[in-house]
Amino acid sequence: MKLRQNEWCPVHRSHFCCGRDAIRKEKRQIMMGVRRIEDPHHPRGYRELRSAAEMRKLMNRKIVEQDRKCGICHIEFTDYSDIVPDHRDPKGMGGAWRDDHPDNIQAAHWWCNSEKGSQ
């Protein structure tokens, strides 16, 4: 009987025995929390970049602050999967210029955000 690559060996209690190669793990870039990036051209002097988890926390807070209504069309949200973060003051199309500061983010429907674009 042959063991699968992700299966524990009952004899050796290991993943790396009985002729199996080690499981290769892909290197992932982990962005922790909120990063401040110094930007002399920005009015605050810095920009904030948030990880996906921090952005999700911020979005949940913004939904409650906005009384569960879209920041663009002011229609009440019906489905959580329709909500995306909208940058009130977009710095351009490139992701390197984004500013995820709480004052610059609002909750919006994905179709309202895509219609608004980078205006």
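Modeller: Start with one word. Contact means heavy atoms within 4.5 Å. With that cut-off, the cover over the buried residues of α1 includes β2 (46-50), β3 and β4. Keep in mind that this is a predicted model.

Biologist: Which residues of α1 are buried?

Modeller: Met 55, Leu 58, Met 59, Lys 62 and Ile 63. Seen down the axis of α1, these buried residues fall within an arc of 140°, so they line one face of the helix.

Biologist: What span is expected for helix α1, and what does the model reach?

Modeller: Helix α1 covers residues 52-65, which is 14 residues. The rule is 1.5 Å times one less than the number of residues. That gives an expected 20 Å, and the helix reaches 20 Å from its first C-alpha to its last. The span is therefore close to the expected one.

Biologist: Why is Asn 104 called buried?

Modeller: Buried means under 20% relative accessible area. Asn 104 has 8% relative accessibility, so Asn 104 counts as buried. Asn 104 lies in the loop between β3 (83-87) and β4 (105-109).

Biologist: What does the side chain of His 87 make with the side chain of Asp 100?

Modeller: A polar contact, at 2.8 Å. His 87 sits in strand β3. His 87 also touches Asn 104. Those two are 17 residues apart along the chain, yet their C-alpha atoms are separated by 5.5 Å.

Biologist: How do you know that β3 and β4 pair?

Modeller: Pairing needs at least two bridges. Five bridges join β3 to β4, so they pair. The two strands run antiparallel.

Biologist: What makes β4 mostly covered?

Modeller: Five of its five residues are buried. Ile 105, Ala 107 and His 109 are on one side of β4, with Gln 106 and Ala 108 on the other. Both faces are covered.

Biologist: Which element has the highest mean pLDDT, and which the lowest?

Modeller: Strand β4 has the highest, 93, and strand β1 (residues 34-38) the lowest, 83. The mean for the protein is 79, and 71% of its residues reach 70 or more. Where pLDDT is low, the predicted coordinates should not be read in detail.

Methods: Residues numbered from 1 in each chain as written. Predicted model: local features only at pLDDT ≥ 70, side-chain atom pairs only at ≥ 80, totals over all residues. Heavy atoms only, no water. Helix = DSSP H or I, 4+ residues; strand = E, 2+ residues; numbered from the N terminus. Buried < 20%, exposed > 50% of the residue type's maximum accessible area, 1.4 Å probe, protein only. Arc of directions from axis to C-beta. pLDDT = per-residue confidence, 0-100. Polar contact = N/O pair within 3.5 Å; in protein donor to acceptor, adjacent residues only side chain to side chain. Lists of a residue's contacts leave out its neighbours within four places in sequence.
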